[in-house]
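Work through these exercises with the model open beside you. Try each task before you read its solution.

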Amino acid sequence: MSTAKGGGNAGEGNGGAASGNGKRARAGGTSGMPSGAPVAPLSGSVPGAPLTVGRVGIYVLLLVAGVLVAGAGTLVQAAWFPGGLVLALAGVGGLFYGGGRATGTPAGVLVPGAAWLVTVFLLLSNVRPEGDFLFGAGLGSYIFLLGGIVVAVICATAQQMCPTGLRPGRVGG
């Protein structure tokens, strides 16, 4: 066993944790990690995740689903007022949450959210010259419009805050 300074045991740089002298390693130390080991990202998504054919296909499906959910929600929320509004907002929330979970990226929430927003605000809320419209001036229409935006923001924020790559356990132990 070497006791010379600068050489000896590999664990002496961590306060002697690996040398067996009873000291514990600090939480910020690199005990158990070989030097140069890659560090896993804190969240389950990689910021620069490559676009593969499957990922692009999922985004296209989410885009189409966002348009369909917007159209169905527009019709359902006005047809059966209290229950239809809850059903429409639940469908919007399910689409946004499912898109985020399916892709593991914030874009999984943003793609159907943008499709829903464009469909509802630009395509379906316009009044035609004949006087036809899908949204009435009632409270349910406004709750659906603002509630869908709030649900999209909540799902996008929750997607970014939830680290999926961490294991439960003690800090530093």
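How many aromatic pairs does the structure hold? Find out, then describe the geometry.

**Solution.** This is a predicted model, where local features need pLDDT of at least 70, side-chain atom pairs count only at pLDDT 80 or more, and totals for chains, interfaces and linings use all residues. Residues are numbered from 1 along each chain as its sequence is written, and side-chain values use heavy atoms, with hydrogens and water left out.

- Step 1. Apply the rule: rings of Phe, Tyr and Trp (its six-membered ring) pair if their centres lie within 6.5 Å.
- Step 2. Count. The structure holds 1 aromatic pair.
- Step 3. Name the partners. They are W116 and F144, with 5.5 Å from centre to centre and 70° between the planes.
- Step 4. Classify. Planes under 30 degrees apart count as stacked, over 60 as edge-to-face and the rest as tilted. W116 and F144 are therefore edge-to-face.
- Step 5. W116 lies in helix α3 and F144 in helix α4, 28 residues apart, so the pair links distant parts of the chain. Helices (H or I, at least four residues) and strands (E, at least two) are DSSP runs, numbered from the N terminus.

**Task.** Decide whether W116, F144, T119 and L117 are buried or partly exposed.

**Solution.** 

- Step 1. Set the limits: buried means under 20% relative accessible area, exposed over 50%, partly exposed in between (1.4 Å probe, protein chains only).
- Step 2. W116 is buried because its relative accessibility is 1%.
- Step 3. F144 is buried too, at 0%.
- Step 4. T119, in helix α3, is buried at 7%.
- Step 5. L117, also in helix α3, has 36%, so L117 is partly exposed.

**Solution.** 

- Step 1. Look for touching residues (heavy atoms within 4.5 Å). Leaving out residues up to four places away in sequence, T119 touches V67, A70 and L124.
- Step 2. Check the side chain. A polar atom there lies 2.7 Å from the backbone oxygen of A115.

**Task.** Which elements give two or more residues to the nonpolar patch?

**Solution.** 

- Step 1. List the members. L117, V118, F121, L122, L123, L146, I149 and V153 form this surface patch, with about 700 Å² of accessible area together. Patch residues have over 30% relative accessible area and no salt bridge, and nonpolar side chains (Val, Leu, Ile, Met, Phe, Trp, Tyr) are joined within 5 Å.
- Step 2. Assign them. The elements are α3 (107-124) and α4 (139-161).
- Step 3. α3 gives the most, with 5 residues.

Conventions:
Patches are made of residues with over 30% relative accessible area and no salt bridge: like charges are joined within 9 Å, nonpolar side chains (Val, Leu, Ile, Met, Phe, Trp, Tyr) within 5 Å. Accessible areas come from the Shrake-Rupley method with a 1.4 Å probe; for residues, only the protein chains shown count as cover. A salt bridge is a side-chain nitrogen of Lys or Arg within 4 Å of a carboxyl oxygen of Asp or Glu. A polar contact is a pair of N or O atoms within 3.5 Å; within protein, one must be able to donate a hydrogen and the other to accept it, and residues adjacent in sequence count only if both atoms are side-chain atoms.
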